[in-house]
Amino acid sequence: MSKKAISKKPILKRQWKNWHLETDEDDIVWLHFDKAESSTNVFSADVFVEFFEVLDQLSEMNPKGLIILSDKENGFIAGANIEEFTQLESEEQALELIRVGQSAFDKLEALPFPTLSLINGFCLGGGMEMSLACDYRIALDEAKTRLGLPEVLLGIHPGWGGTMRLPRLIGAPAAMDLMLSGRTVSARAAKKMGIVDHIAPQRHLKRAAKILILKRPVIRTAGKIRAIANTGVARPLLAKYLRKQVAKRAPEEHYPAPYALIDLWEKYAGDEKTMLTEEAISVARLMSEGTAKNLVRVFLLQERLKSLGKGVDFQPKHIHVIGAGIMGGDIAAWCALKGLTVTLQDREPKFIAPAIKRAHALFKKRLKVPYLIQAAKDRLIPDLHGTGVKSADVVIEAIIENKEAKQKLFSQIESLLKPDTILATNTSSIPLDELSETLQQPDRLVGIHFFNPVAKMQLVEIVEGKNTSQENKNKAAKFCRCIDRLPLPVKSSPGFLVNRILMPYLMEAVKLLEDGVPAQIIDRAATDFGMPMGPILLADTVGLDICLSVAEILGEALGLNVPEALRKKVEAGEFGVKSGQGFYQYQKGKQVKGKVNANGSDSYSEDIADRLILQMLNESIACLREGVIGDMDMVDVGMIFGTGFAPFRGGPMHYMEHRGRQVIIDRLKELESQYGERFAADKGWQAVG
Amino acid sequence: MASKKSSRTVYIVDGSRSPFLKARGVPGPFTASDLAVNSARQLLARQPFEPAEFDEVILGCIMPGAEEANIARVVALRLGCGKHVPAWTVQRNCASSMQSIDCAAQNIAMGRSELVLAGGSEAMSYAPLLFSKAMATWFGKFSSARDVGSKLKLLSRFRPSLLTPVIGLLKGLSDPVVGLSMGQTAEIVAHRFLITRQAMDAYAVQSHQRLFAAHEQGRLSEIEVLYDSDGKYYEHDDGVRADANIEKLATLKPVFDREFGLVTSANSSQITDGAAWVILASEAAVKKHQLPVLARVVDSEWAGLEPAQMGLGPAHAMAPILKRNKLKIEDVDYWEINEAFAAQVLACVEAWKDSQYCRSELHTRSAIGEIDQARLNVDGGGISLGHPVGASGARIVLHLCHLLEQNNANKGMASLCIGGGQGGAMLLERDSG
């Protein structure tokens, strides 16, 4: 006791803008990361400048150990400051940025005393790479903890040592899987995989960290068996397998990052130093290419949507959904999954039961832990009598697409609503101003238009009618954020934004069919362009009857010609996947693959892709001209998250700019002369600058 | 409720129940807490007050699952009543949820509570299969054996017969004090009051017909539809047999006294899963939230009697209520006597007609009289819809409330016989007009 007291060093504190450190009675340094003027910790240039000073100070102090922790409520470290990526002007500048991070974490790893990363929430990208440079990692055992290296989703791969340190820690197969997919894992999964040494509840976190620093257990690396994959003999074999796996998800010409990562690892994983050098070069190269730039832009646009509704004083707790069909039922399930109490109304149990079944399956798949699944089930309340209307904060109508039926429903429930409840419709085709005609307070009606399947499609169109109040639009956006969806504000006009732009594209695909182009060729042209699914298969999947009814509604409003081939299919009862026969054949929901036209080689004329894509571009311009959507960026983010429009191309408007406005206009003229006036350039093109 | 004068009025303002689902030899789609939660969510959603405004939640249940200790609290939390609403589970065997209503009523009468959610739930199909004591002993020794030698020795003593399960449900439905199954006690009261097999079967047929008619005429609005994870939904009590007829019932073999008995599975209550709830409120709560009143809880009584004749419990519990409230049989508009066994309900009716029994056992001067069967269990009972032990008390009280309302009637009596030799009864009153 007395001996300890004598050797006890005085408590030392030092404060930077983004960091502060403090020693404790055992001479352990607690280094707090608390990025200034930000709710989230990210590594930006100024953070690194200070981090180097911190590291110098630490070398000087030579304490018993170092524990790095976050002072942010929301989590640990989100990664690099992605906005800085957009300011990079050259590959050299990118390389510079990467080398700064690499050398910081090299220095951290080289510290002569034990180091530990105390992960209290998300720990992603650069945050994960910093943690990997520590000797030990302890993660908070809560749902908010997610660990991963999601760089590949931004078109790059880890660049601050992650590609070297993660395989070293957990073996190449698991590490490559994480880095190639960009997926994140829970604290428990991370423990199982060996990414973290321990997981602990909040109450034990700091004590656990201290115990590890004082005990200094052996530093973890991949076991002997796991390490085999990293040997020179095994690498080419695994690399070949990985390339094959990746090719199933993303073609190299569109998404080069995963392939670059596999190359890097295959060639250099034997030597840590070279690996780091080459890692930096590879990332710098990727950063200066189009795909990464476009994906980063999409990421930032997504952040822009996420910020909508911020600061709005509205905290919905109870959602009432009327209509338990596919859309209504799935909206209800999603809201319950996200923690809200939901009453789901329909006329008879037989309409509600299938929705409950789908909801329970969703809860099981997403929540995994029995008590959380049960709580979600308990939050979703079948409601045959509409008792939820009077207490809900948001009422969403999702009954049949029939103006009179919806108006009748609204007049039945309007007087029951709480004064501050928002009344929403999930209509996809009926103008809001018509629906609000019969309301006493037409300003309270707002469109909240989800896409199918609700659990997969992140985008939700927030539709405003002439009378919709700003307050209710804001509340609708906030509601979307509460359930982790992306709100896209659009004006009410036929098809809103996403369906309106998509429909001419689908119709053109059917016209191509009528022109004698095989379906497979049409779909190939679209997927080669980067669409996640060809338009013919998409139409079959959505249901040809639904396509026809939307096309007819939009056709009337927009002067769109509905192709005969589509009408004939529907008349013949061929609705696509659900009926087993559409433009393709299906068995048990799976496409029966036929051979591509025998004499036709795999090649096809450039016209096909342009006919499809330029329809979308032209319609996008029309939407901008009519003010359906605020700006070109919003068109891009809407189409990417609403339809999966080739993200690496940055969206339809970004693609248009990339090819050049005049080029597109000229091309439209050519197509118009060849195929008719449906390709006539919208007059909005003149305004696009 | 002895000190009636100083106590406050207790109201039943609303209630709901699950459909009663016949146990089909395997665990049903819902556990006891699932039944309780899923039958109450809509009930709570339609109230003008928040679930957190209950003063307490009381649930009757005699066989909660292993993970449902103090099942009332589990259910209250799952229903969103919040952490500050206390909840407790009560057991009085077949009358557990009449007990929970009685407890709620007492606390309101005394001024300790304003709003109480009370009910009962039972998943009979989840009754456990238990290891025998011999098996439990063997397993305990095996787990604590330290070395391989003693483990091997114990292994050599293992016999497959050790694995023969003890059926929890049968144990629960037997009286350990007198060594009789519940069905055998029904045989005893049948013998004492000369209830014939024919009378029992006729009563059973009538029970099915009455329940079927109530379903058909849509008079069971108290039922909330249940939905499971497989896309199935449950709207009605599924044990009802519209085609039940006396000829067919006559062919069945007795199940308790197998050789010469009279009680068959068809003239006994069915084994079912179910839950039922009522909301009780004080005068102040009724005013504050402008609650509609279904009925008042006027009086209740618990009686003990010979365990071997437990089926006569209602005769013993209802008699003092009539006396205390100076009521004649004709003053009561509707009677609900839980149909544990046809023999037992009929024996209760006979007992009140029997002046000797009334004098010696119920201490009245003469026979109490005859309950009009047209006013007794008018919409069926345990025989047609089953007797999920913990839930039946709340079901008959709730249904009696609805009967009084539907028929603009004034007084109703609900009663159950209780395994172990007890009876419970409750008098409800409604302002007719």
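Q: Which residues does A:Ser44 touch, not counting residues up to four places away in sequence?
A: This is a predicted model, in which local features need pLDDT of at least 70 and side-chain atom pairs count only at pLDDT 80 or more, while totals for chains, interfaces and linings use all residues. Residues are numbered from 1 along each chain as its sequence is written, and chains are lettered from A and ligands numbered from 1 in the order in which they are written. Two residues are in contact if their C-beta atoms, placed from the backbone, lie within 7 Å. Leaving out residues up to four places away in sequence, A:Ser44 touches A:Asn81 and A:Glu84.

Q: What does A:Ser44 count as, with 17 C-beta neighbours inside 10 Å?
A: A:Ser44 is found in the loop between β4 (42-43) and α2 (45-61) of chain A, where helices (H or I, at least four residues) and strands (E, at least two) are DSSP runs numbered from the N terminus. A residue is buried if 20 or more other C-beta atoms, placed from the backbone, lie within 10 Å of its own, exposed if 12 or fewer do, and partly exposed in between. With 17 such neighbours, A:Ser44 counts as partly exposed.

Q: What is the omega of the peptide bond that joins A:Asn452 and A:Pro453?
A: A:Pro453 lies in the loop between β19 (445-450) and β20 (459-464) of chain A. The bond that joins A:Asn452 to A:Pro453 is cis, and its omega is about -5 degrees.

Q: How are α10(A) and α11(A) directed to each other?
A: Helix α10 (residues 234-249) of chain A and helix α11 (residues 257-268) of chain A pack with their axes 10 Å apart, at an angle of about 175 degrees. Axes are lines fitted to C-alpha atoms, for helices over the stretch in contact, and angles run from 0 to 180 degrees between N-to-C directions. Angles under 35 degrees count as roughly parallel, over 145 as roughly antiparallel, 65 to 115 as roughly perpendicular and the rest as oblique. The two helices, α10(A) and α11(A), are therefore roughly antiparallel.

Q: How many residues of α3(B) are buried?
A: At 1.5 Å a residue, the 15 residues of helix α3 (residues 96-110) of chain B should span 21 Å, and its end C-alpha atoms are 21 Å apart, which agrees; the expected span is 1.5 Å times one less than the number of residues. Just after α3(B), B:Gly111 takes a positive phi of about 90 degrees. The helix α3(B) is mostly covered, and of its 15 residues the number buried is 13.

Q: Which element gives the most to the side of chain A that touches chain B?
A: The contact between the chains takes 15 residues of chain A and 14 residues of chain B. On the side of chain A, the elements that give two or more residues are α15 (349-367) and β16 (380-383). That side divides into eight nonpolar, four polar and three charged residues. With seven residues, the element that gives the most is α15(A).

Q: What distance separates the centres of domain 2 of chain A and domain 3 of chain A?
A: Chain A is divided into domain 1 (2-288), domain 2 (318-491) and domain 3 (499-687), with bounds that come from an automatic or database domain assignment. The contact of domain 2 with domain 3 takes 11 residues from each of them. Taken over C-alpha atoms, the distance between the centres of domain 2 and domain 3 is 29 Å.

Note on methods. Ala, Val, Leu, Ile, Met, Phe, Trp, Tyr, Cys and Pro count as nonpolar, Asp, Glu, Lys and Arg as charged, and the others, Gly among them, as polar.
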